[in-house]
Amino acid sequence: MKTQPILFLLFFLLCIAVSTHATELRFNKDKKFRIIQVTDSHIIADSIQNSMETVGMLRQVLDVEKPDLVIFTGDIVTGGNYKEGFDLVIEPVISRNIPYITVLGNHDDEQDLTREEVGKLLMTYPGNLSKMELVDGITGVGNFTLEIKGSQSRHLKCVLYCMDSNAYSTIPGVKGYGWFTPDQIEWYKNKVIITKIITGGNLSEHLLFSIFLYLNIEWPIWILHR
């Protein structure tokens, strides 16, 4: 009878090992890593026609570019039931077995879920490599890093720093969107310092948040080279 807990533990450890291996990102043999960034998709769950135009365009981009990773940088669902909206936009990515990450924008918690609830929901979907959670002492939901290893080694070659740019101003009398707080900036600085110590600074680094760097460009394609 004592073998059951042992077998369960071995099975659990095996699942962890398989999961870790399956989600490890690497540069391709040609030393390239292709990323599609989807920002401000503004999916409206109760407006299927408009939403499906965006989803249809995403399908075309995925089939043409064949990315190694998809990044959703905020304002993903901005109308109706959040889960129903995310189901629509994430289906083309999941059905193609492409890993992806998500960061939140200022509109993502304006529907039926709080910011923390949105983060927990997103983590229930397969293929999501994000860490959409609250961390003690750090403002926001989903401040995390994602590593990309070399094509023929386990050496770290690229780090994506993903941060929650928050929703709206929390200062009385100050209007407008949110911003990175001092504790988030310190988190970022510390992560960069630690990464450079470990790697010697020989790597590619990118900071991701809503809206990121590509204003007015709906489907930016990154091709990282190492």
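W179 is partly exposed, at a relative accessible area of 34%. Here buried means under 20% relative accessible area, exposed over 50%, and partly exposed in between (1.4 Å probe, protein chains only). The model is predicted: local features need pLDDT of at least 70, side-chain atom pairs count only at pLDDT 80 or more, and totals for chains, interfaces and linings use all residues. Residues are numbered from 1 along each chain as its sequence is written, and side-chain values use heavy atoms, with hydrogens and water left out.

W179 sits in the loop between β8 (156–162) and α5 (182–199). Helices (H or I, at least four residues) and strands (E, at least two) are DSSP runs, numbered from the N terminus. Together with I171 and V174, W179 makes a nonpolar surface patch of about 250 Å². Patches are made of residues with over 30% relative accessible area and no salt bridge; like charges are joined within 9 Å, and nonpolar side chains (Val, Leu, Ile, Met, Phe, Trp, Tyr) within 5 Å. Accessible areas come from the Shrake-Rupley method with a 1.4 Å probe; for residues, only the protein chains shown count as cover.

C158 has 0% relative accessibility. C162 also stands at 0%. The structure holds zero disulfides, a disulfide being a pair of cysteine sulfur atoms within 2.5 Å.

Helix α4 spans residues 115–122, and its buried residues are R115, V118, G119, L121 and L122. These residues lie on the same side of α4, because they cover an arc of only 160 degrees around the axis. The arc is that of the directions from the helix axis to the C-beta atoms. The cover over the buried residues of α4 includes α3 (82–95) and β6 (100–103).

D75 is placed in the loop between β4 (69–73) and β5 (77–79). D75 is buried, at 2% relative accessibility. Neighbours within four places in sequence aside, D75 is in contact with D40, S41, H42, G105, N106, H107 and D108. Contact means heavy atoms within 4.5 Å.

Salt bridges were assigned to a side-chain nitrogen of Lys or Arg within 4 Å of a carboxyl oxygen of Asp or Glu. The count comes to ten salt bridges. K149 and E24 form one of them, at 3.4 Å from N to O. This pair links distant parts of the chain, 125 residues apart: K149 is in strand β7 (residues 144–149), and E24 is in the loop between α1 (3–22) and β1 (25–26). K149 is buried at 13% relative accessibility, whereas E24 is partly exposed at 24%.

R96 and D63 form another salt bridge, with their closest N and O atoms 2.8 Å apart. This pair also links distant parts of the chain: R96 lies in the loop between α3 and β6, D63 in helix α2 (residues 48–65), 33 residues apart. R96 is partly exposed at 28% relative accessibility. D63 is likewise partly exposed, at 41%.

A further salt bridge joins the side chains of D109 and R115 (3.4 Å, N to O). D109 is partly exposed at 25% relative accessibility, whereas R115 is buried at 12%. Salt bridges that share partners join E24, R26 and K149 into one network.
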